[in-house]
Amino acid sequence: MQSIGKISVDKVDGKFKWFVELQFSGHELSRVPAELIPMIVVNSIYRNKVRYQHQDLREHSWKVNEKPEMYRIEKEDGSYYFRFVSEPSQVLVSAIELARALFLNNFHLTRTAFRANGLDAMANIEEYPDKSIIRFNRFSDYPLSNLSSTTALKHLVWLLMSAENRSSFNSIFEHLVNNEDNYLDFCFTPPDLSGWKFKAKGYFYNDIFYANEITEFRTSAIGHLPNIEIYHPNKKEPIVLDEGGNDTGQRKPHVKVSGKPDELDFKSGVNPKRRHSIYKSPELKQIFNMVNHIEVIPGEKDPRRKPRVEVDDDKPSEQSGINHKNGEGEAKEFDYQINTGTEVSEMEVQPNELTKVESTDRLKVIEHLINALSAEYSNLLVVSINTYRCPKPAKNISNYYYENTQEARVFLWAKLSIGPTSLHILEIDNAGHQKMKISTPIIEFKQSLEPVNGVIKIIQSCVDSGFKWNTETIKDCAQTVRYVTHPAKKFETGDKAHIERWMSYFITQLRKLGVYIDRAL
């Protein structure tokens, strides 16, 4: 994408909608809904819901020492920029990019910015001596899923608890409505950024750095804020019902979802009752220099059964969109979020323990395989097989969550005993992410290392690497290791031919480890 143009408004399906002009290389000028601003960055390439940044851009950091000057480049597209005076170079950031990083972090905040008094309609602030409450209005369309990370919560508190920040946010709409032209240049009034530190990607020209994309900012000291409680009408206290006991005895709901990524279609009508199709972009880090406790408080209790989700790779891709059409449609609502990463300054340390979770359909295939191996070879004993939640990555990665459920990806850890040798099998569940091709390691840990610590270290490094085995980490932990590849796609996952072929791969690698396995009589 070469440039971002003007903002315009049209009446669509009886409602006024805002649009932004985009100029793609080799194409005519196009318009897209303004909700897409969180994923609109100059010099980007787009494939479905994923944005790829140009690789030749340079990175530059600067500290804000004085108020940035508003600047307009008439000879290009008439867009507004902000000029930051810094050493050794001045920095130019477009108004729309600065607003994207500060405020327009997801589709719903963007939609709110293009409404009159949008923040007031979204949530109310109640202040008490010992705490403050952010209470989302019952008819607000701000989704609960946007309150799922520490950074997103801090961003919301930073935005709503400051009169200056609210005024800056509202100035986006005020600038648009105070202009009588049909096609408008995006602009707003930034809050006080004194003492902030920024990092961006862009290019130098005549000793001026043109920032295409802000990749990180760190606020100046905000100080101690009161404890914050956030109430959202859709936040309920789940009561997970077991299969037996005093409940209704109903079976778990069985949900079949496509293993293929959703296809983005701007024309598809959105069904507001369906789960959102969320893409969490890892490119922006926001560091809020504040001290306070934030908690999302559940409301009424919600007795329910957690559904059993089955991924079907043969099921066609589902549609996702942003067009509400008065609630008439079947597509999932698409939401592109750019502020979901773990804060660098306050990154949580992972405890030396693992959280057990239910197994998945894909991991049950390898459970069956391991038990079949044990039945066929008398000296191969299964000590335990468990499924665990993958630890949080050091920085946000798009495939950490399952796309269809937005829950953390899981892995299997199987402990085997073959005579005096203890072996450990690790398997990551790659459901819904077909490009994640990852083998299955069989590991004999060093005697000086507790296996649980080795597993935590290996899985953490795997997650941090975007779900790729970090061979250096494995070498540090393993006495010996062999990797088992997965059978070709022509084998149906879990059927007899698939299991037999995969078992043969395991036997080959076990023998290469130098262990003797005795076939049962």
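This is a short exchange about a predicted model.

Trainee: How confident is the predictor in the protein?
Mentor: The average pLDDT is 80, and 79% of the residues score at least 70. Confidence is highest in helix α1 (residues 95-102), at 95, and lowest in strand β17 (residues 237-240), at a mean of 57. Over residues 242-250 the pLDDT is below 50, and this stretch has 12 contacts in the model beyond near neighbours in sequence. Residues 342-351 also have a pLDDT below 50, with 24 such contacts.

Trainee: Where does E229 lie, and why is E229 called buried?
Mentor: E229 lies in strand β16 (residues 227-231). The relative accessible area of E229 is 17%. Buried means under 20%, so E229 qualifies.

Trainee: What makes the link between the side chains of E229 and Y231 a polar contact?
Mentor: The distance is 3.1 Å. The cut-off is 3.5 Å, so the pair falls within it.

Trainee: Which residues does E229 touch, not counting those up to four places away in sequence?
Mentor: E229 touches K131, S132, I133, I134, E295 and I297. Touching here requires heavy atoms within 4.5 Å.

Trainee: How do you know that β11 and β16 pair?
Mentor: They share 5 bridges. R135 stands opposite Y231 in β16.

Trainee: What is the strand order in the open sheet?
Mentor: The order of the 4 strands is β10-β11-β16-β23, with mixed pairing. Strands β10 (123-127) and β23 (294-297) are at the edges, because each has a single partner strand. One side of each is therefore left without a neighbour in the sheet. From one strand to the next, the twist averages 20°.

Trainee: Which helix lies across β10, β11, β16 and β23?
Mentor: Helix α4 (residues 150-160) does, running at about 100° to β23.

Trainee: Which residues touch the most other members of the largest nonpolar core?
Mentor: They are L98, F186, F188 and I230, in a core of 73 residues. Leaving out residues up to four places away in sequence, L98 touches F82, F84, V93, F188, P190, L193, F198 and I214.

Trainee: How many residues are in the second core?
Mentor: That separate core has 26 residues, including Y377, V484, I499 and I507.

How values were computed
Residues numbered from 1 in each chain as written. Heavy atoms only, no water. Helix = DSSP H or I, 4+ residues; strand = E, 2+ residues; numbered from the N terminus. Buried < 20%, exposed > 50% of the residue type's maximum accessible area, 1.4 Å probe, protein only. Polar contact = N/O pair within 3.5 Å; in protein donor to acceptor, adjacent residues only side chain to side chain. Pairing = 2+ DSSP bridges. Axes fitted to C-alpha atoms, helices over the stretch in contact; angles between N-to-C directions. pLDDT = per-residue confidence, 0-100. Core = buried A, V, L, I, M, F, W, Y, C linked by side-chain atoms within 4.5 Å.
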